[in-house]
Amino acid sequence: MKRRGRTKTDYSQDMALIGSTQQWVILAIFLALLVILPHVLSWTHNLNWLTFINFTAITIIAVMGLNIITGMAGQVSLGHAAFIMVGGYTLAILTSNAHWPFWVALIISAIITAVIGFIVAVPAIRLKGFYLAVVTLAFFFIAQYIIRSLGITGGIHGIIGIPYPVVGGIKINTDINWYYLLLPVAIICIIFSANLSRSRTGRAFLAIRDNATAAASLGINVPLTKLRAFFIGTLFAGLAGGLWASYVSVVRLDQFTIWDSIWYLGMIIIGGGGSTAGVVMGVIFLRLISQILHVISTADWMPYLSSSIMVSLNYGVYGLVIVLFISLQPYGLISVWRKIKLNYKRWPFGT
Amino acid sequence: MLKLNKIKAVYSDVVLALTEVSMLVEEGSIVALLGSNGSGKSTTLKSISGLLKTEDGKLTEGTIEFDGKRIDKLNPEKIAKLGICHVLQGRSAFQQLTTEENLQMGAYLRRDKDNVKRDLDQIYEYFPQLATLRHQKGGYLSGGEQQMLIIGRAFMARPKTMLLDEPSLGLAPGIIGSIFAILKKINEVEKTSLLIAEQNAIATLNIANYGYILQNGRVILEGSAQVLKNHEHAQGIYLGLNSVPPRL
Amino acid sequence: MDALTVPLQLILSGILVGSVYGFIAMGFVITYRSTQVFNMAYGQFAVLGAFIAWTFIGSPEAPRLPLPIALFLTLVVAILLGLVIERLFFRRMIGRPLFATFMLTLGLLAILRSVVMVAWGPKSLALAATLPKGPVNLGDIVLAKEYLWSFCLAMVATLAFAFFFRRTKLGLAMRAAYDNQVAARCLGVSAELNSQIAWAMCALIATIGGILIATVSGVSLHLSELVMLVLAVVFIGGLDSLVGCICGGLILAVGTTLTSYYLNPHLPGIATIFSMILMLLVLLIRPSGLFGTKQIERV
């Protein structure tokens with residue numbers, strides 16, 4: 001009888017992210033495809049998709065951070081957009097005003113954001129559930145106020161003319177070049193997050209998400225773990241913010257709204273809370289919907305819809321998708337994917 | 001008349017709580033449902049009153065009939081309307097409502113205002129302490145007073161059948177005596193049938209007509225109250241002396 | 001004009017406005033108590049309600065109906081809306097984890113916003129004179145007539161709801177169900193009916209409150225303000241306390257007017273986040289709020 005599926009003979013095999021040679025091969029092929037993707041797109045004259053992909057990559061990094069806070073550690077944060085904003089503004093100030101080199105500024109922005117996230121978390125983690133969510137929401141508004149009032153942030157006008165990075169002599173100011181910068185960064189973040197979920201810290205996160213009291217009785221320092229989650233999560237946010245600022249070359253207050261915080265949570269739910277792969281799925285899914293809406297609305301055969309109607313529809317569709325997923329597939333796309341894989345493995349026996 | 005036909009109750013699809021339980025509560029009778037902790041007494045009552053589904057439980061086998069009608073698939077509210085009042089275990093008085101408001105809630109389903117007023121006075125006669133606590137919030141009453149309150153509240157509903165879940169739990173012996181005396185009185189005067197789930201076998205069997213003993217979710221002994229009181233094995237079972245039930 | 005005139009005027013107008021805030025917040029608390037749903041979309045109910053009122057009363061295409069009829073129609077539509085939302089969104093969520101329902105309300109928030117934007121556009125609309133306007137002079141203090149009217153109407157409505165809960169059978173049943181839902185069901189209180197009434201009331205109160213606020217400051221889409229406002233009032237007062245709503249609303253409004261007058265010149269715009277700062281302070285020092293039940297935060 002031929003052996004079906006993967007059998008494991010020791011713990012390291014069980015824990016491994018990529019288990020078998022077959023999976024390595026699939027991964028290699030997939031990565032190769034990713035590498036040649038921009039050239040395929042430019043060859044088929046679809047380069048505007050690259051902008052979409054770049055933005056999606058940045059969003060993945062941001063939402064990966066939120067996933068660590070909310071999906072893994074169970075601390076609901078509605079203020080994530082504020083941290084991205086902080087990261088973006090910090091990078092803008094460091095590179096635009098103070099002329100720091102890009103990578104240094106990016107790392108420092110991420111760290112500063114994480115420190116602020118840590119400080120905000122200290123009083124906040126005493127609360128649970130929607131109390132915590134509302135506190136983070138309040139923080140969002142206060143952060144907006146502070147940034148609006150400070151001089152160096154350019155008030156409501158924001159900062160423009162943020163310089164683009166230059167890596168090894170190559171100017172990163174085209175979509176293709178940005179793609180090759182963002183892709184490795186995003187992949188590193190994904191690998192980091194996947195490893196985190198398997199690590200001791202990651203398991204501590206999951207423990208306090210599911211039952212904080214039980215976790216404490218196992219010797220997990222609950223407050224410290226929560227703080228760690230916020231620190232790492234907001235680090236990602238700061239990173240994403242810095243990349244965003246440089247990519248768009250402008251930071252303004254109205255780029256960051258509470259809606260963004262809500263969509264990020266939605267992406268986590270749609271993808272499947274806690275799971276790294278789920279986050280990627282959730283982000284891509286929602287962003288694709290947005291893109292498809294945009295393409296449909298600008299198609300020739302559609303009657304003219306004002307941009308405000310388009311924006312409104314976007315809200316409505318996003319809201320509807322979130323509601324549908326919560327009602328019907330609360331465990332997200334990742335659970336659907338896993339069911340498909342399970343049935344494939346068992347075929348033709350099925351359930 | 002309340003009839004349970006070989007019911008099997010399961011929680012969360014995996015925890016078997018009752019197996020092949022059959023019972024009869026005739027009109028106007030008092031039936032004792034005895035057994036130690038975890039034997040399935042509460043589950044039996046919840047199966048009857050429809051609360052099983054609110055705790056992720058369900059009846060996988062058997063039926064429950066009340067006055068000839070099947071009730072095992074109904075909502076708790078509907079079952080209450082049919083005349084079954086379930087008095088829950090512990091402090092189930094409405095903590096933020098006053099004593100009088102608690103009692104008024106008992107009469108929620110009733111339309112006959114004058115009789116309600118009369119019944120309210122009747123309760124204060126049965127439980128004079130409650131009269132003095134009329135405007136006190138339920139949460140401030142002592143354990144015994146709350147127990148009296150929820151029995152009074154159930155009485156206000158004028159049910160055909162009352163299901164009582166461990167009415168003596170946590171109460172001083174003297175109070176237990178008066179509560180059981182009043183239960184007996186309610187049964188005699190109002191002809192309400194009572195199904196009393198209790199660990200305090202003696203007090204219950206003293207006022208009951210018939211009794212069932214549960215162990216591990218099964219009825220292992222049943223009989224008239226007199227027979228049960230004197231049955232040697234029965235005493236052993238609910239005192240925990242015999243772990244293996246005798247073959248009957 | 002003596003030194004007290006200005007603060008007195010500020011405090012008085014704060015009280016007037018705060019009563020409306022407190023009234024609106026009651027809708028949130030009633031829903032929370034009855035259904036345990038933390039309804040983030042509540043502010044949007046109010047906005048929607050105000051726009052519906054505009055359709056019947058203020059819009060140029062509005063049918064020439066006498067004011068009471070138009071208002072009545074608006075309220076009927078509001079109640080229907082509440083029942084529809086209960087049926088479509090929340091009925092299926094009974095028994096699901098509270099957090100899932102919380103996220104659902106965020107989705108609902110987006111959907112409602114979308115509906116308002118598509119149906120009425122992003123513009124601000126003026127709700128035609130539903131309330132008499134003009135200044136009222138009390139000695140040296142000038143108050144806006146429409147604020148006084150709003151205050152009176154809010155007070156009347158609050159008393160009406162208080163009467164409902166304290167003195168009617170249904171109100172008693174709702175209080176009992178909040179206290180111990182299982183015991184209430186055993187006495188015949190229908191969980192479904194409870195839910196329907198709670199959501200209908202939610203929509204009703206939100207709409208009335210929305211109209212009251214709109215007549216004073218115009219009907220527009222500024223929902224984030226209303227959402228955060230209600231949340232601030234509710235947390236300051238206590239998540240499950242109706243008395244807390246009124247107090248929270250008063251404290252918030254008075255505080256905002258005072259902050260606006262005294263601190264705005266030094267820290268421009270501080271008044272806009274005054275509510276946030278106050279709410280944060282309350283949450284960090286006494287999470288259950290001024291009047292809320294203490295164990296709530298363990299949810």
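The entries below follow the order in which I looked things up.

Entry 1, the model. I note at the outset that this is a predicted model.

Entry 2, chain C as a whole. I looked up the secondary structure and found 11 helices and 2 strands in chain C, which, read along the sequence, follow the pattern α-α-α-α-β-β-α-α-α-α-α-α-α. I then checked burial, and buried residues make up 51% of the 299 residues in chain C. For contacts in chain C between residues at least 6 apart in sequence, I noted that 76% join residues at least 24 apart.

I turned to helix H10 (residues 242–263) and helix H11 (residues 270–285) of chain C, which pack with their axes 8 Å apart at an angle of about 140°. That angle makes H10(C) oblique to H11(C), since only angles over 145 count as roughly antiparallel. I recorded the crossing of H10(C) and H11(C) as right-handed. From H10(C), the residues that meet H11(C) include Leu252(C), Gly255(C) and Leu263(C), and those on the H11(C) side include Ile270(C), Phe274(C) and Leu278(C).

I found that the contact takes 22 residues from chain B and 14 residues from chain C. On the side of chain B that touches chain C, helix H2 (76–82), strand E6 (84–87) and helix H3 (99–106) of chain B each supply at least two residues. That side of chain B has 11 nonpolar, 8 polar and 3 charged residues.

Technical notes:
Residues are numbered from 1 along each chain as its sequence is written. Chains are lettered from A and ligands numbered from 1 in the order in which they are written. This is a predicted model: local features need pLDDT of at least 70, side-chain atom pairs count only at pLDDT 80 or more; totals for chains, interfaces and linings use all residues. Axes are lines fitted to C-alpha atoms, for helices over the stretch in contact, and angles run from 0 to 180 degrees between N-to-C directions. Helices (H or I, at least four residues) and strands (E, at least two) are DSSP runs, numbered from the N terminus. Angles under 35 degrees count as roughly parallel, over 145 as roughly antiparallel, 65 to 115 as roughly perpendicular and the rest as oblique. A crossing is left-handed if the near helix is turned anticlockwise from the far one by less than a right angle, and right-handed if clockwise. Two residues are in contact if their C-beta atoms, placed from the backbone, lie within 7 Å. A residue is buried if 20 or more other C-beta atoms lie within 10 Å of its own, exposed if 12 or fewer, and partly exposed in between; C-beta atoms are placed from the backbone. Ala, Val, Leu, Ile, Met, Phe, Trp, Tyr, Cys and Pro count as nonpolar, Asp, Glu, Lys and Arg as charged, and the others, Gly among them, as polar.
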